[in-house]
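Hello,

I am passing a structure on to you, and I hope you enjoy looking through it. Please open it first, and then read my notes below alongside it.

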Amino acid sequence: MSGAESVGDGRSGGDGTTGDDVDRTPVPNADVCVVGAGPAGALVADRLAADREVVVLDAGPRFDPDDRLARRERAIRPAYDRPDVWDVGGERDAHENAGEWFYPLNHARVKGIGGSTLHWQGMVMRLHEDDFNSGTVRGVGPDWPIDYADLRPYYAEAERELGVAGGSGVDNPHAPPREEPHPMPAFEPSYSDSLFAEACEELGIDIHSVPNARNSEPYDDRSPCVGYGTCQPVCPSGAKYDATVHVDRAEAAGATVIDRAPVQYLDHDADRVTAAVYATPDGGEHRQEADAFVVAAGGVETPRLLLLSESEAYPDGLANSSGAVGRFFMDHLFAGAGGTLDEPTRQNHVGFYTSACDEFYDDADEERAPFKLEFFNYAGPSPVEMALSGDDWGDPLLERLRDGYGNHVAMGGLVEQLPRADSRITLDDDRVDDRGNPVPRIEWTVDDRALSTIERANEVQVAILEELGAEVEWVAGPDATGPAYHHMGTTRMSDDPAEGVVDPDCRTHDLENCWIASSSVFPTSGAMNPTLTIAALALRVGDGVDAWL
Amino acid sequence: MELTRRDAVAALAAVGATGGVAVGVRRMQDREGGEDAATDGASAGDPSDRDTNEGTVRATMVAVAEVVYPGEVDGIDEFVDRFLDGRLDGSAHASGLREAVGELADASQAWHDAPVEELPAAEREELLRGIGADTADEDPDGTTAERVRYYVVNDLLLALYASPTGGELVGIENPQGHPGGAESYQRGPP
Ligand SMILES: Cc1cc2nc3c(=O)[nH]c(=O)nc-3n(C[C@H](O)[C@H](O)[C@H](O)COP(=O)(O)OP(=O)(O)OC[C@H]3O[C@@H](n4cnc5c(N)ncnc54)[C@H](O)[C@@H]3O)c2cc1C
Ligand code: SF4
């Protein structure tokens, strides 16, 4: 079925049906209830499904794979905003911004089976060793209560699970240590990478491959990348990993996955969660009981659910004896620069990048945050998108497209922000969602170390672009920066129950049968995209739950 | 530059329509002139699908394409026809497209006293501008101008510029929306 507006409205049944014929009743005798079917929840479920009775509840719909091209058309068509592509928005996803910095939450997540990986870019790096010891090594932020060594085997496993094409650390002297190669070879550098490489060589700056959760060859019964060029927000070929892979696998192994089942609160006694109370599209409410619960609802909805689950025993929110639930909200900050050359740069053939620079990452200290640089393959406008907006057609349009496309170059980068107690998610006092629950209220603040590091990243970017001979046309510095859509820190991990929400095993300090699988447990954020670390932690949570049961 | 069958297939792939056997049959019947057969799409569809006759839809779309496509492309007729084979697939989009074409055809009759495809190119362009499709932002649920922009003008532009030949016109042989492989990004300019 074609047409951007022909896809089923996710909120009234992602498959175009009302969903009324789907059985959404609770599963009797469940061992494990997982809240959220993004990569974190899906990996936990898959890990446990063969030997345990697992049920997964997700707030959003099960999207029909046959709609992917029509959704992709939405990404190209000016009539649609990015959140429309995966039906994000409306009452269900209402939120308030109350902080110094605006946070575009609905650009930063997808609700549904597969979670935000349906939309994601798929760049997957390991955190560096120092990221786990920021306080000790860099003099700022807490240390994680676990080390790189604790996660290292799980990182390797996560790379196999997601299917990562990478350079195995061979061409990147700054990557953390690893024993085994990436499961697939890295994507070859792009033509524009070769231009950047010359400039970097002149300046003595390293440039190397970058790990992608995207098939550079057939893997796991999924297609290799075929160059649709629209990875973010839709990969129609399945070459880009998304969490439907592990949801499908968990279901095949016996797990029950219930869509459009937003958990309203977690019922509990003093030291255990007893049931996840969830709503269904028919207006009903159900109780899913289980021996163990894993909350994997993303970095904003996870703390929100805990806050919504307040009780006499936990008046400030469930598992919140520390007062840290919702606090220390962090994202990675974007730093970028771009311009044009007087020669073709061959952009927008693919929608991901193939080269990066981690050279400056470990220079971090009290004043300077870790940051990494990215060399884009999609600088400048895409001709198809340009063609659909404008007052011209025929020959004048073609001329405009020829003028607009062809010579752009751009670099991006991510910068760490420090955890701050006043950067936080709370429940809004005035506004409620479609179910009558208070919406998340975001107060996002950013520290000066991050802002000055963005300037430093810009300096390097501009130097490289100038060496390349580019006319620099834009710089996204401290005033123009924005979030990379990585929600972290809001249920931080700590050895000390007074300082954090979860222990080093990601189990809540307060409740013995409740784990959290999410970047919300990150005590500090580093500057690497978070999802490989989320995946590694989720696999570890799976083992922890299994051992406990 | 000649638009080929491959371009039409690519344009359809870009929007998630393929055109199937049932559609092929319909085209044959269409050629034989039966109006009912012509409007009876691959699936039951919406009753409003039948509002604008298949021949008019196709002829109007080709006539508009001749205005909105650059002068240097050839083979428009067949390209648009094949694109519509898949696009008129019984979806909500197909009925929206038919409706928008119907309104454009009505305006043509009212203002120029002739169907769109019989107007000289300059008048066709005048018609499109008169209806406001040049300055309107596309919107599938909007005013006539916004819907003509969405379903007619932009559907045609999307089809062209997501196809390899359309991409090549601009200098990108693997445009966004076209699965042109994971090698072209590595190659330098020709
Ligand atoms: C545009 C974009 C680009 C990105 N690019 C990258 C990248 O290149 N690399 C990278 O590492 N990361 C990237 N990310 C981030 C990445 O998508 C997330 O880190 C990852 O998806 C988080 O996984 P998760 O399972 O914790 O949460 P999510 O994937 O967000 O899934 C959470 C799930 O929980 C469900 N849920 C929420 N509340 C409830 C409730 N109350 N009851 C039941 N279910 C609930 C939601 O419906 C959702 O399906 C990107 C994100 C975006 C938006
Ligand atoms: S370029 Fe992106 S969208 Fe296209 S096939 Fe490759 S991964 Fe998927």
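How many nonpolar, polar and charged residues are there in the lining of the largest cavity? There are eight nonpolar, nine polar and six charged residues in that lining. Before going further, please keep in mind that this is a predicted model.

**Cavities**

The structure holds four cavities of 30 Å³ or more. The largest cavity has about 220 Å³ of space. It is lined by 23 residues, and the closest to its centre are A:Asn172, A:Ala175, A:His182, A:Pro211 and A:Asp358.

The second largest cavity holds about 80 Å³ of space. Its lining is made up of 16 residues, with A:Cys225, A:Tyr228, A:Gly229, A:Cys231 and A:Cys235 the closest to its centre. By class, this lining divides into ten nonpolar residues, five polar and one charged.

**The second largest pocket**

Of its 20 lining residues, A:Pro65, A:Arg68, A:Asp242, A:Thr244 and A:Asp248 are the closest to the centre. Two elements of chain A, helix H2 (68-76) and helix H7 (244-252), each give two or more residues to the lining. The largest share, four residues, comes from H7(A). In terms of class, the lining has nine charged residues, seven nonpolar and four polar.

**Cysteines**

How many disulfides does the structure hold over all chains? The count is zero. One cysteine to check is A:Cys506, which is in no disulfide: the nearest cysteine sulfur belongs to A:Cys514 and is 11 Å away. A:Cys506 has a relative accessible area of 0%, so it counts as buried. A:Cys231, which was named above among the residues closest to the centre of the second largest cavity, is also a buried residue, because its relative accessibility is 8%, and the cut-off for buried is under 20%.

**A:Ser355**

Next, please find A:Ser355, which sits in strand S14 (residues 355-357) of chain A. Is this serine buried or exposed? A:Ser355 counts as buried, because its relative accessibility is 4%. Leaving out residues up to four places away in sequence, A:Ser355 touches A:Pro189, A:Asp193, A:Ile207, A:His208, A:Val210, A:Glu374 and A:Phe375. With A:Asp193 there is also a polar contact, side chain to side chain, at 3.0 Å. For a sense of distance, the C-alpha atom of A:Ser355 is 22 Å from that of A:Ser525, a residue 170 places away along the chain.

**B:Glu138, between the chains**

Over in chain B, B:Glu138 lies in the loop between helix H7 (121-131) and helix H8 (144-161). B:Glu138 is buried, because its relative accessible area is 6%. Which side chains make polar contacts with the side chain of B:Glu138? One is that of A:Arg77, at 2.7 Å, and another is that of B:Asn154, at 3.0 Å. Beyond its neighbours within four places in sequence, B:Glu138 is in contact with residues of both chains: A:Arg77, A:Pro78 and A:Ala79 from chain A, and B:Glu146, B:Arg149, B:Tyr150 and B:Asn154 from chain B.

**Backbone details**

Finally, here are a few places where the backbone deserves a look. A:Gln232 and A:Pro233 are joined by a cis peptide bond, with omega about 20 degrees. A:Pro233 belongs to the loop between strand S6 (208-209) and H7 of chain A. A:Asp220 is also placed in the loop between S6 and H7. A:Asp220 is not a glycine, yet it has a positive phi of about 60 degrees. With a relative accessible area of 33%, A:Asp220 is partly exposed.

A:Asn348 is another residue other than glycine with a positive phi, here near 70 degrees. You will find A:Asn348 in the loop between strand S13 (336-340) and S14 of chain A. A:Asn348 counts as buried, because its relative accessibility is 8%.

How values were computed:
Residues are numbered from 1 along each chain as its sequence is written. Chains are lettered from A and ligands numbered from 1 in the order in which they are written. Side-chain values use heavy atoms; hydrogens and water are left out. Buried means under 20% relative accessible area, exposed over 50%, partly exposed in between (1.4 Å probe, protein chains only). Contact means heavy atoms within 4.5 Å. A polar contact is a pair of N or O atoms within 3.5 Å; within protein, one must be able to donate a hydrogen and the other to accept it, and residues adjacent in sequence count only if both atoms are side-chain atoms. On a 1 Å grid over the protein atoms alone, a cavity is a set of points where a 1.4 Å probe fits but cannot get out, and a pocket is an open set with protein on both sides within 12 Å along at least five of seven lines; lining residues have an atom within 4 Å of a point. Ala, Val, Leu, Ile, Met, Phe, Trp, Tyr, Cys and Pro count as nonpolar, Asp, Glu, Lys and Arg as charged, and the others, Gly among them, as polar. A disulfide is a pair of cysteine sulfur atoms within 2.5 Å. Grid points are joined across faces, edges and corners, and a volume is the space filled by probe spheres set on the points.
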